[in-house]
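Dear colleague,

I am passing on the structure below, and after it I set out what I found. Please read the notes alongside the coordinates.

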Amino acid sequence: MHGEYKVPGGKLVVVDLDVEDGVLSGVRVAGDFFLEPDEAILAINSALEGAPADTDAAGLAARIDAALPPGTTMYGLTSEGIGVAVRRALAHATDWTDYDWQLIHDGPQSPALHMALDEVITAEVAAGRRPPTLRVWEWGAPAVVIGSFQSLRNEVDPEGAERHGITVVRRVSGGGAMFIEPGNTITYSLSVPDALVQGLSFTDSYAYLDDWVLGALGDMGVKAWYQPLNDIATDAGKIAGAAQKRVVADEGAVLHHVTMAYDIDADKMLEVLRIGREKLSDKGTKSAKKRVDPLRRQTGLPREAVIERMIASFRGRYGLAEGKVTDEEMSRARKLAETKFSHEEWTARVP
């Protein structure tokens, strides 16, 4: 069995192993990490040898930590990361490069249609009728997108939303509210087979699916990192938030979508989002600009250039063919947008 895992912010860990009588055997750990002293790698292999095959990543990490020689130093490597690589080997997880990725980047669309497209495209990936897909959104109107389980009245000031012509929609994933203005926001979705995140905890899957965009930001001079559970942050402040939805039908799939602040009208946001005021008050912060530091300032690039560089970075890592929403997918999405995502029953399902 073979498993690979790139430690967030670190290096690639590769594990090859067998299972005999319910325990790990023939374990060999490798990768492009740095490790001192040399004999530490032998200690790691020995620590994993004979471990019950149902041991979770944390348990495997504990075995490794107990066996490491005094003074061991790891660079780009963690014991937990090795444990995750083992679990991915045992789960027969796939890798990014095992797939033919497809890009969808269409013109502006309504907030409700974006919600529907996420649901339809991810269902198609789960059914095996569509390859793993990166979809970059263009917004047709300003919006507030609330999480699946958020209270509508607690999150949104209806008078502020009406005054600024902002549509309120509810997405299928959890997490917090997103304040959207078309020229100030960069949003993308990854619809991926469940096999890609096999062996990863829920938390680890966020870091794993965000890793490529951290590299893209780094290429633009932005030193960013994953901040559990679902943020992308820099020294200057948060720049993005992620959310996920798991599809269990067919072969299974994961929807992972991210909204990034290219720019922000903080005063308008605070007139529309109620929770924003509470969060800022709790933290003793007077301005939302102290919590969110937009990409426009950090990169100095036009929004379109940031998106182009992100797409180019993904393509350079994993390959990415131009694609489109099929007629059948669009028909289903339009129906969902009308009957579900534009409907009060869904939007106010948590009043």
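**Surface and overall form**

The protein exposes about 15500 Å², of which carbon and sulfur atoms supply 50% (accessible areas come from the Shrake-Rupley method with a 1.4 Å probe, and for residues only the protein chains shown count as cover). This is a predicted model, in which local features need pLDDT of at least 70 and side-chain atom pairs count only at pLDDT 80 or more, whereas totals for chains, interfaces and linings use all residues. Residues are numbered from 1 along each chain as its sequence is written, and side-chain values use heavy atoms, with hydrogens and water left out.

The secondary structure comes to 13 helices and 16 strands, these being DSSP runs numbered from the N terminus (helices H or I, at least four residues; strands E, at least two). With a radius of gyration of 22 Å, close to the 20 Å that the globule rule gives for 351 residues, the protein is as compact as a globular protein of that length; the radius is taken over C-alpha atoms, and the rule is 2.2 Å times the number of residues to the power 0.38. Buried residues make up 53% of the 351 residues, where buried means under 20% relative accessible area with a 1.4 Å probe, protein chains only.

**Cores**

In the largest nonpolar core, which has 71 residues, those that touch the most other members are Trp96, Trp101, Tyr188, Leu190, Trp212, Met260 and Met310; such a core is a set of buried Ala, Val, Leu, Ile, Met, Phe, Trp, Tyr and Cys residues joined through side-chain atoms within 4.5 Å. Helix H7 (residues 202-219) gives the largest share of this core, nine residues. Apart from it lies another core, of 24 residues, including Val169 and Trp346.

Leaving aside neighbours within four places in sequence, Met260 is in contact (heavy atoms within 4.5 Å) with residues that include Tyr188, Val213, Leu217 and Met310.

Not counting residues up to four places away in sequence, Ser205 touches Val197, Leu200, Gln244 and Arg246.

In helix H1 (residues 40-48), the buried residues are Ala40, Ala43, Ile44, Asn45, Ala47 and Leu48, and they pack against strand S3 (23-31), strand S4 (34-36), helix H2 (57-67), strand S5 (73-75) and helix H3 (79-90). After H1 comes Gly50, whose phi is positive, near 85°.

With best regards

How values were computed
Buried means under 20% relative accessible area, exposed over 50%, partly exposed in between (1.4 Å probe, protein chains only).
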